Amino acid sequence: MAVQTFKVPDSIKKDMRYSFCPGCDHGVAVRLVAEVLDELGLRENTVAPASIGCSVCLYDFLDIDMVEAPHGRALASATGIKRAHPEKFVFTYQGDGDFASIGLAESLHAALRGEKLSAICINNTTYGMTGGQMGPTSLIGQVTTTSTMGRTVENYGYPIKIAEHVALCDGTAYSARVSLDTVANIRKAKQAIKKAFEVQLKGLGFGFVEILSTCPTNWHMTPQQAHERVRNEMMKVFVPGVYKDITANKQD
Amino acid sequence: MEKNFIIAGFGGQGVLLAGEVLANAFMLADKHVTWYPSYGAEMRGGTVNCEIVMSDEEVSAVNKKDLDFLVALNQLSFDKFLPKLKKGATVIANSTLVKKSQPIEGINYVFAPLSELATELGNVKMTNILSLGLLAKELGFENLELLEQALDNVLPPHRKNLLPLNFKALKLGYTYDLVKQ
Amino acid sequence: MAELTIGKKILTKGNYAIAHAAVLAGCECYFGYPITPQSEIGEYLSVKMQEEGRAFVCAESELSAINMVMGACSTGAKAMTSSSSCAVALMQEAIACACTDELPVVLISVMRGGPGLGYIYPSQGDYNQATITGGNGDFRTIVLAPSTVQECVDLTYKAFHLAHKYRNPTILLADGLMGQMMEPVEFKPYPYEEIDHSDWALTGAKGRPARSIKSLGVDVDKQCEHIKNLFAKYKKIEENETEWEEFDTEDADIILMSFGSPSRGVKSAVKELRKQGLKVGFFRPITLFPFPHKRLAELAQRVKKFVVIEINMGQMVRDVRLAVNGAAKVEQINKPVGAPIDVETIIEEVKRMI
């Protein structure tokens, strides 16, 4: 008897090929988003902004209606869509540069307003698309093309802990940080995405997931080494966990 | 025919509202009219003024070089705008706060202790409306119907209870005996 | 302010007139950030939109506001923002993006003095900002310039109509004077037909392939084709929508030109100069894009001189020179910022030019 062990989610476009670098965690993250869209039956009712960075081509991968927002403005665009059509499911998928550097105001204010939106932020400690410059999440000591001697506090200040910041916003219903370095963590990541989507569907407020991800190309590492870096270096600063969940002690 | 007015005074004396009432009255009389305020930092503490231009045709411009009518509710406004009056123009001045003087010739000076009259009426805030009553007389209005209707247009619902007092103030200004004073 | 009723004349401020016209035009979403001299628009709509069950958001910045508008417009909704000069400057990237994305954005731009912070007095310093814009790439915005409070109403209606008819960002370019002045106006019902957006709007990929609206143009050939199509659309807009006001131009030797609120004084000056026996005409572009190039080129064949009067150091005059193309003299009367030049001064200056 044939058993199906692998299925491309309906929310992924047919005959699509990822344009991400080999070993990049974006592919896994996009697939998780697609699986959750499928499982919650959201594909046909979704309108989502695309963001700028490696995430920009999301409309090439996901089989949903999308509008590309200028750099950093994904959650402003999402607010516009949701306010015009509260019945639609609206989420963003952004990098850390888009979400937490150029778009920090848009991101935190969407959370503060308690917009019924969900946001996924890929944290890979660098600007991937432009070739590995220092970003808002680059770790202290990290060598990038704009911190060639390593990030120093004196010159560059500190990396931002995004999930914690979002959790501080009173309009946030759910904020978590996950990683994709092991199968178990990938499963946890999917659960977090689902939760962030569900709080929107229930009208509870802003749902957020920060996903610690690899950038093997700009880190100059193999995918395996890159995941070790996620575990050994990133997780020490960006500790995975649920930082806010207003549904935690409630019965469904 | 185009006539232009400036109503000026301290912030809080209700000059913008008085101007709005006057402009409304002209609108009700089927005239073309434009109201334009001084606005911004000037609003706090200093003088506030608004310009009203009434015309039989489309109103051309605001910010006119010279004036047909000035209502000055305080000294500062009197001093500031008097030089802008045309020959033969009229100034209505609140003599409670403006010294009775006639520094420029060829101007029709109308002094009345508007703030005192308003206080006697029970509310010093009626100073602006009293001045409109005087102005109506100077403009040769046959009665106060238009201004009363204009007041009704301008006052928001939660202030409509003040209409009778406003009407009284209008009338007091309109019938004020300038000769007796 | 007085109750705004359809079909009844009321005295109201330009800013309120614009705001209420937007409501009557069916604006479903307003996103904005306060700035003088246009804050009354947001204040009025904060109440009215909620009464009507429509969307109103105090955005955290103008940047965010215009992007919220773009998001709402991507669903085909009628949405707008309003702002002024230095804050409209913040929106330039989004305007370019909305033009190439063909989103029906409506932007109310109430000009104040500049450059930089400038001050809240009126100005026309943003003719270039509206018609050329500071956005990147090749595109055009539709720009309408009211000169009376009644036109604030009528052109707000028109801004929504044109934005949606052509799927193109449309700017209502008023100034602080227009925004703050009160005049009697009549609100008629929104006179335009509703536009069907079902063939492009994002509503969820149900029963049809997914749609994407994007400015990323990786394929150079496709990008060329897209931009050529945009410019074909702009040509159509020029052919169909160019609007202006003119009088006494038939036998005029000199035509005085102005746009927006200063054109009122210019109009008076023309009438007075005519009374004095001078052959002077009046011309006021109502659409700044599309600019009435064609009509001006015709007039330039027999008019000796155009005098362009602006509250800036000469911005529209460039469009006039392009249109006239050397066929007649073009002169300027300018004041950098502030209330319009008074009628007497215009008359004096024009007489000096004869």
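**View 1. Pairing of strand 6 and strand 13 at one end of a seven-stranded sheet in chain C.** In this predicted model, Leu144(C) has Thr287(C) of strand 13 of chain C as its bridge partner. Strand 6 (residues 142-144) and strand 13 of chain C run antiparallel to each other and are joined over two bridges; two strands are said to pair if DSSP finds at least two bridges between them. Helices (H or I, at least four residues) and strands (E, at least two) are DSSP runs, numbered from the N terminus. The model is predicted, with local features needing pLDDT of at least 70 and side-chain atom pairs counting only at pLDDT 80 or more, while totals for chains, interfaces and linings use all residues. Residues are numbered from 1 along each chain as its sequence is written, and chains are lettered from A and ligands numbered from 1 in the order in which they are written.

**View 2. The open seven-stranded sheet of chain C and helix 3.** The strand order is 3-2-4-5-7-6-13, and the pairing is mixed. Strand 3 (55-58) and strand 13 (287-289) of chain C are the edge strands, each pairing on one side only. On average, neighbouring strands of this sheet are turned by 20° against each other, direction ignored. Helix 3 (residues 62-73) of chain C packs on the sheet and touches strand 2 (29-32), strand 3 and strand 4 (79-83) of chain C. The direction of helix 3 makes about 165° with that of strand 4 of chain C. Axes are lines fitted to C-alpha atoms, for helices over the stretch in contact, and angles run from 0 to 180 degrees between N-to-C directions. Residues are in contact if their C-beta atoms, placed from the backbone, lie within 7 Å.

**View 3. The open five-stranded sheet of chain C and helix 12.** Here the strand order is 10-12-11-14-15, again with mixed pairing. From one strand to the next, the twist averages 20°. Strand 11 (residues 254-257) and strand 12 (residues 280-285) of chain C pair in the parallel sense over four bridges, and Ile254(C) stands opposite Val280(C) of strand 12. Helix 12 (residues 316-324) of chain C packs on this sheet, touching strand 11, strand 14 (305-310) and strand 15 of chain C. The direction of helix 12 makes about 160° with that of strand 14 of chain C.

**View 4. The crossing of helix 1 and helix 2 in chain C.** The axes of helix 1 (residues 14-24) and helix 2 (residues 39-51) of chain C come within 8 Å and cross at roughly 40°. Among the contact residues are Tyr16(C) and Ile18(C) of helix 1 and Ile41(C) and Tyr44(C) of helix 2.

**View 5. Chain C against chain B.** In this interface, 21 residues of chain C are in contact with 19 residues of chain B. The elements of chain C that give two or more residues to this side are strand 1 (9-13), helix 8 (176-180), strand 8 (182-186), helix 10 (262-275) and helix 13 (343-353). Helix 10 of chain C gives the largest share, four residues. Of the two pairs of chains in contact, chains A and C share the most contacts. Chain A and chain B do not touch, and their nearest C-alpha atoms are 29 Å apart.
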